[in-house]
Amino acid sequence: MTLSLTRQVVEVSASKALLLSSFTLYSLSTQTLDRAPAVMASRKQGHREVLESMYSVIVLVFMLVACVELGDAASAVDVYRLIQYDISGVPLGSRFASLNHHASSMHFSPGVDLTRTVLVIPIRELDLGFVKVLLMVLSSDHYILWWILQYPVYFAFEDDNVNTIPADIKRNDASGQQATATAGGFKLVVSAAEPKKVASPVITNIQGWLSGSKTDGDTNQLPTIAIRGSSWEWCCGAVALLEIARLFSILYSNPRTRGRYNLLFGLTSGGPYNYNGTHKLWLGSFDQRLRETIDYAICLNSIGSWDNELYVHVSKPPENAYIRQIFEDISSVAEELGVKVGLKHKKINISNSRVAWEHEQFSRHRMTAATLSEPSVAPGLLERAGGLSDGRHFVNENSVARIVKLVAESLGRHIYGYQGKNIEIFDDGSSLAINPSYIGSWLDLLSQTPRVAPFLLKNDPFVMALKKELTDHTDEVIVQTEVLDGMFTFYDSTKAILNVYQVASVTFDLLLLLVLGSYLIVLFSFLVIVTRGLDLISLFRRPSSRKIKTA
Amino acid sequence: MTVFHFFNCAILTFGPHAVYYSATPLSEYDTLGTSIKAALVYLGTALVKLVCLATFLNVSENDNFDPSQELLKALIGFIDVAGLYFALTQLTHRNISQNHKFQAIGLGWAFADSVLHRLAPLWVGARGLEFTWDFILQGIEANANLVFSISLAALGSLMWLRKNKPKTLIPIIYACAGIVATMPSITSYLRRSLGWHFPKVVGFELFTSLMMAIISWQLFSACQRPSSA
C-alpha cells in the first residue's frame with residue numbers, strides 16, 4: 001500500500017523534476033543562442049548556467065532519495081532518561097544512554113539469560129524486592145537517585161501506542177519464546193550520544209513586586225511580606241503563589257482597597273539542591289533596606305495533597321512574638337476552615353551546610369520566616385524532587401485551593417488589620433473567590449512540563465509563561481538567573497527517541513532461503529521440461545542405446 | 001540478518017528472470033542482446049510515461065479511486081503497448097525465430113520493470129531492522145509481472161508479426177491483450193476502490209497471470225498450427 005503510493009509519488013515527482021530540468025536546459029540553450037556575440041560574457045554565463053542545470057539534477061536526486069521511505073520502526077516513542085548526576089564528585093544515577101537490545105517483559109521463564117535484554121516494565125508492576133536483586137529499576141523515585149546504575153534507564157508516558165508494546169512483549173514471552181537474536185520479537189533501540197556534563201546549569205528565579213499604598217506624608221518604607229513558592233520541583237507551591245498573586249492584585253488594583261503592606265512574590269528554583277535559588281540569588285539580591293522592611297516570609301511547600309493537617313515549620317523559637325503572631329493568624333483562619341495546623345520548631349544547625357527547609361535560608365539572613373507544608377519532617381536531600389511522583393493525579397486542586405484560601409485570608413487579615421474578627425475577605429461567590437479552574441489549568445501545565453532546574457534555559461517558554469503571568473498580577477517583575485555550582489554536576493541527554501522494531505529471527509530467514517531455493521529449482525526444472533522436454537527424454541534414452549551398441 | 005533478508009527478497013524478485021533465461025532455449029540461441037534492447041526500450045517508454053504523467057496528472061493525497069485519473073493513467077499505460085510494438089517490430093534482431101523473439105523481449109521488458117520499480121525500495125527498506133512482509137509480496141508480484149510481460153509479448157507478436165491468423169481468434173487475441181495491458185489499472189482499482197489488502201491483490205495477480213499465460217499459450221499454439229499443417 002505505502003509502497004505503491006510511494007512509487008506513484010516518486011514517479012510523478014521525478015517526472016516533474018525531469019520536466020523542470022529539461023525546461024531549464026531548454027531555456028538555457030535558447031539563452032546561449034541569444035548571447036552568442038558576446039563571447040567573454042557568455043563563457044561566464046555558460047559556467048553559471050551549467051551550475052544551474054546541475055542544481056536541478058541534484059534536486060532530482062535529493063527528491064528521489066527523500067521519497068523513498070527512510071524511517072522503518074514499528075513505533076517511535078519519546079522517552080526520558082533517569083537523571084545522571086554527581087554530588088561532590090560521587091557519580092550517581094544512570095550512567096549510560098544508548099541502547100540496542102531485545103525486549104523482554106517481567107513474565108520471562110526462570111533460568112533465562114537476561115544479559116543484553118531490555119526489561120519493559122509498567123510502573124504498576126514493579127516489585128522492589130525482586131528488582132533489587134536485578135539492580136534494574138526501583139519503585140519510588142527518590143530511591144533510584146541514590147543508586148549508581150551501570151545501565152540506561154528510561155521512562156515513557158503511557159498512552160495507547162506505548163501500551164501495546166509491553167502487551168506484545170508479554171505475549172511473546174508467554175509463548176515461551178525468548179527474545180534473542182535467534183528468535184523473533186522486539187528490538188528496542190535508543191541512539192543517544194554519550195552523556196556530557198551540562199557546562200553551566202542555570203537556575204532561574206522570578207520575582208514579582210506588588211506595592212502597597214503610601215499615605216501622603218508617610219516617609220517610612222512600607223513593611224513587606226514575602227511569599228515564596230518553588231516552581232521547579234514542587235508544582236503546587238507555584239500555582240498557589242500565582243493564585244494568591246492574582247487575588248491580591250485584584251485587591252491592590254483599586255487604590256481604596258490597597259493594603260499598607262508591600263507584597264513580594266518569589267518563584268525560586270534550586271529547591272532540592274539545598275535551596276540554592278533562594279539562598280544565594282534571591283536573598284542575596286535584596287539590599288539591606290529591603291531586608292529590614294520585610295516583616296515576615298511565608299514559604300509554601302508540598303501542599304499538593306493533604307487531608308486536614310498542616311504544619312507550620314519555623315526555626316525561631318515559638319515564643320518569639322512574630323512567630324506567635326503568624327501562627328495565630330494562620331490557625332484562626334484554619335479553625336474556620338476546619339483545618340488543623342500544628343507548629344513545628346526546628347533549630348538551624350549552622351555547621352551543617354544542608355538546609356532542611358526554605359525558611360532557614362531566610363532566617364540565616366535574619367528574616368522571620370515560616371514554611372507551610374504537609375509533612376511534619378523535612379524531606380531528605382533530593383527527596384520529592386519531582387519527576388514520577390509529581391503526577392497530576394497526585395495533586396488535588398481542592399487542597400491547593402484550600403491552602404490558597406488559608407494563606408490569603410491570614411495575609412489579608414494581617415494586612416487590613418482584621419485579626420480576630422469574623423470577616424471573610426476571600427469569600428466564596430464573591431469577586432475575590434478562589435478560582436479552582438485557574439488552579440486546575442496551571443496544575444495541568446506544570447505536571448506536563450519537565451521541570452528539572454538545570455535543564456531549563458533562560459528563554460524556556462515555560463519560564464516565559466510564568467513571567468508573563470506574574471507580570472499580569474504584579475507591578476514589577478524581575479527574572480534572575482545564576483549558574484548552579486557547588487555540589488551538583490548534571491549530565492545532559494535527558495530526552496531521546498526509542499525506536500521499537502519488530503524483528504524476524506534468523507531461522508525465519510534461513511527457512512525463507514530454503515523455500516526460495518526450492519522454488520527456483522522447481523521453476524528451472526519446469527521450464528526445462530516444458531521447453532526442451534523432448535531433449536530430456538532423449539537424454540535419458542541415449543545411454544541405453546549406447547549400451548545396446550556396445551553390447 | 002537484514003542484509004540476509006534483502007538477499008532473499010532480491011533472489012525472489014530477480015531470480016526467476018535468470019532462471020527463465022537459462023532454462024529455456026533462449027540461452028542456447030544467445031538472445032541476450034534482444035533482451036537488453038527490450039530493456040532499453042522499456043526505459044525509454046518509462047521516461048515518456050513519466051513526462052506524460054507529470055504533465056497531465058495531479059497527484060491526490062488520499063488513496064481514493066478517481067475514475068477520470070485512472071482512465072488517464074490507463075491511457076498512458078497504452079504507451080507501454082506502443083513501446084512493446086516498437087521493440088517487437090521495429091528493432092532489428094538477429095536471426096532468431098519468432099518463438100524465441102517474443103520470449104526474449106518479454107523477459108527483457110519484465111526485468112527492466114522489476115529493476116526500475118522494485119530495486120530501490122528493496123535496497124532501502126529490506127536492509128532495515130524492521131521486518132515486514134511487504135518485500136516478499138513485492139517479489140511475488142515481480143514473478144507475476146514476468147508472466148504478464150511474456151504473455152503480452154506473445155499476444156503482441158501474434159497481433160503484429162503473424163500475418164495469417166484464424167479469423168475467429170482475432171477478437172480473442174485483442175481482448176486478452178487489452179486485459180493484460182490494463183492490468184495496472186485493474187489492480188489499482190482493486191486496491192483503492194474495493195480496499196483489498198496487498199496479499200490479496202498479489203494473489204489475484206498471480207492467478208490472472210497464470211490464466212493469461214495458459215490462454216496466450218493456447219492461442220499461440222493455435223495460431224501456429226495452420227503454418228505447421
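In which hand, left or right, does α2(B) pass α3(B)?

**View 1. Helices α2(B) and α3(B) cross in a predicted model.** Two packed helices are described by the angle between their axes and the distance between the axes. Here the axes of α2 (residues 32-56) of chain B and α3 (residues 67-90) of chain B come within 9 Å and cross at roughly 160°. Angles over 145 degrees count as roughly antiparallel, and therefore α2(B) and α3(B) are described as roughly antiparallel to each other. The crossing in which α2(B) passes α3(B) is right-handed.

**View 2. Residues from both helices make the contact between α2(B) and α3(B).** On the side of α2(B), the contact is made by B:V41, B:Y42, B:T45, B:V48, B:K49, B:C52, B:L53 and B:F56, while α3(B) contributes B:L72, B:K73, B:I76, B:I79, B:D80, B:G83, B:F86 and B:A87.

**View 3. Chain A contains both helices and strands.** In chain A there are 14 helices and 18 strands, and of the 551 residues in this chain, 46% are buried. Among contacts in chain A between residues at least 6 apart in sequence, 79% join residues at least 24 apart.

View 4. The mean pLDDT of chain B is 83, with 93% of its residues reaching 70 or more. The model as a whole scores ipTM 0.87 and pTM 0.59.

Note on methods. Residues numbered from 1 in each chain as written. Chains lettered and ligands numbered in written order. Predicted model: local features only at pLDDT ≥ 70, side-chain atom pairs only at ≥ 80, totals over all residues. Heavy atoms only, no water. Axes fitted to C-alpha atoms, helices over the stretch in contact; angles between N-to-C directions. Helix = DSSP H or I, 4+ residues; strand = E, 2+ residues; numbered from the N terminus. Parallel < 35°, antiparallel > 145°, perpendicular 65-115°, else oblique. Left-handed = near helix turned anticlockwise from the far one by under 90°. Contact = heavy atoms within 4.5 Å. pLDDT = per-residue confidence, 0-100. Buried < 20%, exposed > 50% of the residue type's maximum accessible area, 1.4 Å probe, protein only.
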